Amino acid sequence: MDSVIEDVRLRKIIDSRGNPTVEADVLTWNGFGRAAAPSGASTGINEVASFPDGGVDQVIEDVEDLISSEIIGMEAEDLREIDNVLHEIDGTDNFSTIGGNTAVAVSMATAKAAASSYNLPLYKFLGGIMPTSIPFPLGNMINGGAHAGTNAPDIQEFLVIPVGASNITEAITTNINVHRRIKAKIQEKDKTFTGGKGDEGGWAPNLTNEEALEIQTSSCEEITDETGVLVRPGLDVASSEFWNEEEQKYVYEREGTSRTVEEQIDYIADLIDTYKFFYVEDPIQENDFEAFAELTSKSGKDCLICGDDLFVTNADILAKGIEAHAGNSLIIKPNQIGTLTDTYNTIKLAKANKYVPVVSHRSGETTDETIAHLAVAFNAPVIKTGAAGGERIAKLNELVRIEEELVNPKMADL
């Protein structure tokens, strides 16, 4: 009886871009859970619908009563059953009736309420007593593309990961050190730089791709030398944003360059080799499994070739990618698929096929810290959640707290 759901409430809140999103409260006889859904700017075409046609207001007006009438009286700990009910209430393949953001907020809040009912942290409720490792934080250093202004680089995210860190505090601090070093280098190169940031807390400078790459990688090398903590660079190319279907080319507007599919594969492979990238996300557009597989064959032994728009946290699509040998890693964003059960199913399939799951924030974030618990519970070795900014640091600080609670904690195996 401890986790019987007594009330479900939805409210409209504001995300880090100033746009409305939904937050859910789930109250049980002996517990309480609250979770909010983020939103993306660069989104995959196969993601579930964020909201119904009427947006958040329709969710609050129509969907709240619909959901609450169905799940009040159910046990919050029966999360799979509740997630199935959310699918049944919606009745579509892509959550277009109630919205994937609504579903995931309710699903995550329900899990938190169940954990609270038994006086457990969420990571322990979902992962049991086995979790002992903390994911490495993948931090956004320079923003471009859809996450920054018109004069920023074409490439969407220039990332770093402190693979040599021995604990989460050292990892976070190392990323912050790189973030600060990059700012100093940008100011040195561009005296007019005002310190502007993109959506995910990375700097949004007036730089070419090549200039940003040089600043990113040299900063990694310098901080590694100074601290003794190895930091490796990474990218989120967001190639679907460049893809011109009519021309069948990748169009880099700032760079003034167009690349064929083969040229794009060679370009990314050359970047990986030249700059020793640890991680490259969405280097190929979201419908091209064949080119994704070709790049993975060329560079996947030395680098995580990660699919976000390609897989959209969808187990069925991931299965197609596994068969094609496309990528060796995938982004995990619960609101891309709608429920924690669906999210877990995708992670389980990924791990069974040696794909590295990267639990990730979105560009339009809230201060909700749930993904920190999911990364630990599901033993994901990497969490992508920025390096600075209140909505990003909320997840990182939660990892500090979780690490304190773990018995013999260690950083994840990469």
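Predicted model: local features only at pLDDT ≥ 70, side-chain atom pairs only at ≥ 80, totals over all residues.

Modeller: Residues are numbered from 1 along each chain as its sequence is written, and side-chain values use heavy atoms, with hydrogens and water left out.

Biologist: How many helices and strands does the chain have?

Modeller: Helices (H or I, at least four residues) and strands (E, at least two) are DSSP runs, numbered from the N terminus. By that count the chain has 13 helices and 16 strands.

Biologist: What is the radius of gyration of the chain?

Modeller: The radius is taken over C-alpha atoms, and the globule rule is 2.2 Å times the number of residues to the power 0.38. For 414 residues a compact globule would have a value near 22 Å. The chain agrees with this, at 21 Å.

Biologist: What percentage of the residues in the chain is buried?

Modeller: Buried means under 20% relative accessible area, exposed over 50%, and partly exposed in between (1.4 Å probe, protein chains only). Of the 414 residues, the buried share is 59%.

Biologist: Which kind of aromatic pair do F242 and Y252 form?

Modeller: A search of the whole structure finds eight aromatic pairs. Rings of Phe, Tyr and Trp (its six-membered ring) pair if their centres lie within 6.5 Å; planes under 30 degrees apart count as stacked, over 60 as edge-to-face and the rest as tilted. The rings of F242 and Y252 have centres 4.4 Å apart and planes at 45 degrees, so the pair is tilted.

Biologist: Why does that pair tie together parts of the chain that are ten residues apart in sequence?

Modeller: F242 lies in the loop between strand 7 (232–236) and strand 8 (243–244). Because Y252 lies in strand 9 (residues 249–252), the parts tied together are ten residues apart in sequence.

Biologist: Is Y252 buried or exposed?

Modeller: F242, Y252 and Y267 form one aromatic cluster. Within it, F242 has 8% relative accessibility and counts as buried. Y252 has 0%, so Y252 also counts as buried.

Biologist: Which kind of pair do F311 and Y355 form?

Modeller: The ring centres of F311 and Y355 are 6.2 Å apart. Their planes stand at 75 degrees, so the pair is edge-to-face.

Biologist: How many residues apart are F311 and Y355?

Modeller: F311 is in the loop between strand 12 (304–307) and helix 9 (315–324). Y355 is in the loop between helix 11 (340–352) and strand 14 (356–360), and the pair links distant parts of the chain, 44 residues apart.
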